[in-house]
Amino acid sequence: QVQLVESGGGLVQPGGSLRLSCTTSGRALSNSGVGWFRQAPGKARDFVATISWSARGTSYADSVKGRFAISRDNAMNTAYLQMNSLKPEDTAVYYCAVRLSPLGSAAVEDYTYWGQGTQVTVSS
């Protein structure tokens, strides 16, 4: 079975940094695109970043461009989201997702497997 586990969330001050990790089992990263999404209370689940299986293709939401970086280590079955210059509006539960395609995607509906989420809170 496919399992995704996010980690690395926590409380950080504005301007700080966090690195989220998404570790998969069941070879979930084999020939698969990965996405990071976030959901704040009372809001829809929004796209953050995505990366293709080969890591040659990446895409970011406008709100995080220049601040966040997505990467992956297929040998370790792990994807990462480096978050810098964090803002209070980045506060959300962050989810890692895997789709049944080597391409990345910004669409929630394109993903098959989801992690449990990790809380990121940006506050002074």
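Guide: One term to begin with: buried means under 20% relative accessible area. By that cut-off Phe37 is buried, because its relative accessible area is 0%. Keep in mind that this is a predicted model.

Visitor: OK. Which aromatic cluster does Phe37 belong to?
Guide: Phe37, Phe47, Tyr111 and Trp114 make up one aromatic cluster.

Visitor: How many aromatic pairs are there in the whole structure?
Guide: The search finds four. One of them is Phe37 with Tyr111, an edge-to-face pair. The centres are 5.2 Å apart, with 75° between the planes. Phe37 is in strand S4 (residues 34-39) and Tyr111 is in the loop between S9 and strand S10 (113-114), so the pair ties together parts 74 residues apart in sequence. Both Phe37 and Tyr111 are buried.

Visitor: And what is the geometry of Phe37 and Trp114?
Guide: That pair is tilted: 5.1 Å centre to centre, 55° between the planes. Trp114 sits in strand S10 and Phe37 in strand S4, so this pair links parts 77 residues apart in sequence.

Visitor: Is Trp114 buried or partly exposed?
Guide: Partly exposed, because its relative accessibility is 25%. The cut-off for buried is under 20%.

Visitor: Which charged residue lies over the face of Trp114?
Guide: Arg45, at 4.9 Å from the ring centre. The charged end of Arg45 also sits over the ring of Tyr95, 3.7 Å from its centre.

Visitor: Switching topic. How many disulfides?
Guide: One. Cys22 is joined to Cys96, with an S to S distance of 2.1 Å.

Visitor: What's the handedness of the Cys22 and Cys96 link?
Guide: Left-handed, with -80° about the S-S bond. Cys22 is in strand S3 (residues 18-25) and Cys96 in strand S9 (residues 92-98), so the link ties together parts that are 74 residues apart in sequence.

Visitor: Is Cys22 buried or exposed?
Guide: Buried, at a relative accessible area of 0%. Cys96 also counts as buried, at 0% relative accessibility.

Visitor: Let's do strands. What does S4 pair with?
Guide: S4 pairs with S5 in the antiparallel sense, over five bridges. There, Gly35 has Thr50 in S5 as its bridge partner. S4 and S9 also run antiparallel, joined by six bridges. In that pairing, Trp36 has Cys96 in S9 as its bridge partner.

Visitor: Why is S4 described as largely enclosed by the rest of the structure?
Guide: Because five of the six residues of S4 are buried.

Visitor: What about the hairpin of S4 and S5?
Guide: There are six residues between the strands. Gly42, in that hairpin, takes a positive phi near 75°.

Visitor: Which residues other than glycine have a positive phi?
Guide: Ala55 is one of them, with phi near 70°. Ala55 lies in the loop between S5 and strand S6 (58-60). Ser85 has a positive phi too, of about 50°. Ser85 is in the loop between S8 and S9.

Visitor: Why flag them?
Guide: Because most residues other than glycine have a negative phi.

Visitor: How accessible are Ala55 and Ser85?
Guide: Ala55 is partly exposed, at 36% relative accessibility. Ser85 is partly exposed as well, at 42%.

Visitor: Now the core. Which residues touch the most other members?
Guide: The largest nonpolar core has 29 residues. Trp36, Val48, Phe68, Leu81, Met83 and Tyr94 touch the most other members. Several strands each supply at least two residues, including S3, S4, strand S7 (68-73) and strand S8 (78-83).

Visitor: Which strand gives the most?
Guide: S9, with five residues.

Visitor: What is Val48 in contact with?
Guide: Beyond its neighbours within four places in sequence, the contacts of Val48 include Trp36, Phe68, Leu81 and Tyr94. Ser59, Tyr60 and Ala61 are also among them.

Visitor: Last one. Where is Leu20?
Guide: In strand S3. Leu20 is buried, with a relative accessible area of 0%. Leaving aside neighbours within four places in sequence, its contacts include Trp36, Leu81, Met83, Tyr94 and Val120. Leu20 and Gln116 are 96 residues apart in sequence, and 13 Å apart in space, C-alpha to C-alpha.

Definitions and conventions. Residues numbered from 1 in each chain as written. Predicted model: local features only at pLDDT ≥ 70, side-chain atom pairs only at ≥ 80, totals over all residues. Heavy atoms only, no water. Disulfide = S-S within 2.5 Å. Helix = DSSP H or I, 4+ residues; strand = E, 2+ residues; numbered from the N terminus. Buried < 20%, exposed > 50% of the residue type's maximum accessible area, 1.4 Å probe, protein only. Phe/Tyr/Trp six-rings, centres within 6.5 Å; stacked < 30°, edge-to-face > 60°. Lys NZ or Arg CZ within 6 Å of the ring centre and 35° of its normal. Contact = heavy atoms within 4.5 Å. Core = buried A, V, L, I, M, F, W, Y, C linked by side-chain atoms within 4.5 Å. Pairing = 2+ DSSP bridges.
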